[in-house]
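Me: I would like to go through this structure by question and answer. Please give the cut-offs of each term when it comes up.

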Amino acid sequence: MKIRKLTSLLAATILASGLASAASAKTLVYCSEGSPEGFDTALYTAGTTFDASSKPVYSGLVQFEPGTTNVVPDLAESWEVSDDGLEFTFKLRPGVKFHTTDFFTPTRDMNADDIIFTFERQMDEENPYFSYVEGASWEYFNAMSMPDLISSIEKVDDMTVKFVLTRPEAPFVANLAMDFASIVSKEYADSLIESDTKSDLNQKPVGTGPFQFVAYQPDAVIRYKAFPDYYAGKQPIDDLVFAITTDNAVRQQKLLAGECHVMPYPNPADVQSLKDNEDITVMEQEGLNVGYLAYNTKVAPFDNAKVRKALNMAINKQAILDTVFQGAGQAAKNPIPPTMWSYNDSIEDDPYDPDAAMAMLEEAGVTDLSMKVWAMPVQRPYNPNARRMAEVIQEDFSKIGVEVEIVSYEWGEYLERSKAEDRDGAVLLGWTGDNGDPDNFLAVLLGCDGVGGANRAQWCNEEFNDLIMKAKTGTQEERTALYEEAQVVFKREAPWATIAHSVVHMPMRSNVTGYKMDPLGGHNFEGVDLAE
């Protein structure tokens, strides 16, 4: 208890000092919804972690233009693609500096060695960083079939890197704009080997991004300061503070009191009152997301598609939309959002029909079923209240004779435990697109390479997997036809209950300027300022 009180006191002191210094230096406080799992973005897939790591600290070879899914240069000034689509050559930006911190002072600028190290550590089992964090894996890299796709990464010269692929891959450049491809310092990594502190790569990040890491008080506060030598210029704000505030009602109180400037994921019922407050601006956009309930298709009786379909028909999605989303969402029938190209609108959703669901369970020989439904402990754009959603599902399943126990864990533990291939029951999760390509949903979340990782349904269907692998190449028209067919297989086999697509709201103090909502769900403070 004393430790917890001291932690809270320290967090309050740090936060207060940050706000008090605003008179002499601009400090922006972001009330984030959860703690990062770590700061090495390639090890994780959660948006909470990306917001605290890749967005402020790192840069990539390429990036998404703020507020869009357009791929534009970042650390690479330009790139060329061979006629056969197998070679991608990137020309690096000269003079890019890594952060100088209390724990590391670089002796050189970013170069090709950093690019090669960033990716080789995720694919070369002999690399000293391949398994440097116990229990963690290169989940994104593997789920996107990168080990099979990348044949080699070659240093042409200090400022030129060539990726050689085993096959053409339509979304390859867009994939390199994603968080797992954030460029880390090889010099820093080498210094940690010498001091036998490799784990610091995941705890004390060094990048080339707009803000440099200062300190992290676990579950309380993260502090950054503007990087004066950022290649695109120093940021308008001097200090950035993440005040970790897991309860959305408390986040709102802090926003209204002026204790934070920006907050994510308000309670849908509170959005209108926030809009009516002259001191608050509420931005909104249709989210490129999906919320779902993933069955473990490797564990009986959820290995039977008929059982999964029956459970899907027992879920009253309209009740969930009314009680959880409160007008800020729409029912999902496909695993990709309707705003994404290749969305198959001809597919019919499973009807809400408890009687038919009960009959289907009986036909499958399933009676007296007891199961667990996992509920996230944090708000996400695709699920503003997982506990309440789980309670609605619990009530729905009880009507067909299925007993549900709701379980939850701390967010990092929840994400890790839910990957287990022998996990019991069904897990509530969701996804916000990372690059605007259907491959980012269908291959990452449902492909065979994602089993034991991002594929929480542990579902490896040969017919589906063949379609999405073929869809990695070709014209957009050709890829669309394959993705539409893959969605038909998904709906027939029902590894998930697709729940909803949400509208995302972003409240902030009215003096915040320059903030752009990210269609991919991230929270990026590059270019953000505070008006006097």
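Reply: Two strands are said to pair if DSSP finds at least two bridges between them. Strands (E, at least two residues) and helices (H or I, at least four) are DSSP runs, numbered from the N terminus. The model is predicted: local features need pLDDT of at least 70 and side-chain atom pairs count only at pLDDT 80 or more, while totals for chains, interfaces and linings use all residues. Residues are numbered from 1 along each chain as its sequence is written, and side-chain values use heavy atoms, with hydrogens and water left out.

Me: Which residue in S16 is the bridge partner of Leu-293?

Reply: Strand S12 (residues 289–295) pairs with S16 in the antiparallel sense, over seven bridges. Within S16, the bridge partner of Leu-293 is Leu-428.

Me: And which residue in S16 is the bridge partner of Trp-374?

Reply: Strand S14 (residues 370–374) runs parallel to S16, and two bridges join them. For Trp-374, the partner in S16 is Val-427.

Me: How many residues of strand S16 are buried?

Reply: Buried means under 20% relative accessible area, exposed over 50% and partly exposed in between (1.4 Å probe, protein chains only). Ala-426, Leu-428, Gly-430 and Thr-432 point one way from S16, Val-427, Leu-429 and Trp-431 point the other way, and all are buried. S16 (residues 426–432) is therefore largely enclosed by the rest of the structure, and its buried count is seven of seven.

Me: What is the relative accessible area of Thr-45?

Reply: Thr-45 lies in the loop between strand S1 (27–30) and helix H2 (47–52). Not counting residues up to four places away in sequence, Thr-45 touches Phe-50, Glu-139, Tyr-140 and Trp-431, where contact means heavy atoms within 4.5 Å. Thr-45 counts as buried, with a relative accessible area of 14%.

Me: How many aromatic pairs are there?

Reply: Rings of Phe, Tyr and Trp (its six-membered ring) pair if their centres lie within 6.5 Å; planes under 30 degrees apart count as stacked, over 60 as edge-to-face and the rest as tilted. By this rule the number of aromatic pairs is 30.

Me: Is the pair of Phe-88 and Phe-172 tilted or edge-to-face?

Reply: The ring centres of Phe-88 and Phe-172 are 4.8 Å apart and the planes meet at 55°, so the pair is classed as tilted. It links distant parts of the chain, with Phe-88 in strand S5 (residues 87–92) and Phe-172 in helix H7 (residues 172–175), 84 residues apart. Phe-88 and Phe-172 are both buried. Given the plane angle of 55°, the class is tilted.

Me: What kind of pair do Trp-341 and Tyr-483 form?

Reply: Trp-341 is partly exposed at 22% relative accessible area, whereas Tyr-483 is buried at 0%. The centres of their rings are 6.1 Å apart and the planes are at 65°, so the pair is edge-to-face.

Me: Over the ring of which residue does the charged end of Lys-198 sit?

Reply: A charge sits over a ring if NZ of Lys or CZ of Arg is within 6 Å of the ring centre and within 35 degrees of the ring normal. The charged end of Lys-198 is 5.8 Å from the centre of the ring it sits over, that of Tyr-129.

Me: Is the disulfide of Cys-448 and Cys-460 right-handed or left-handed?

Reply: A disulfide is a pair of cysteine sulfur atoms within 2.5 Å. The structure holds one, joining Cys-448 to Cys-460 with an S to S distance of 2.0 Å. Cys-448 is partly exposed at 21% relative accessible area, while Cys-460 is exposed at 51%. The torsion about the S-S bond of Cys-448 and Cys-460 is about 95°, so the disulfide is right-handed.

Me: How far apart in space are Ala-494 and Leu-311, C-alpha to C-alpha?

Reply: Ala-494 is in the loop between H18 and S17 and is buried, with a relative accessible area of 2%. Leaving aside neighbours within four places in sequence, Ala-494 is in contact with Tyr-295, Arg-308, Lys-309 and Asn-312. Ala-494 and Leu-311 are 183 residues apart in sequence, and their C-alpha to C-alpha distance is 9.7 Å.
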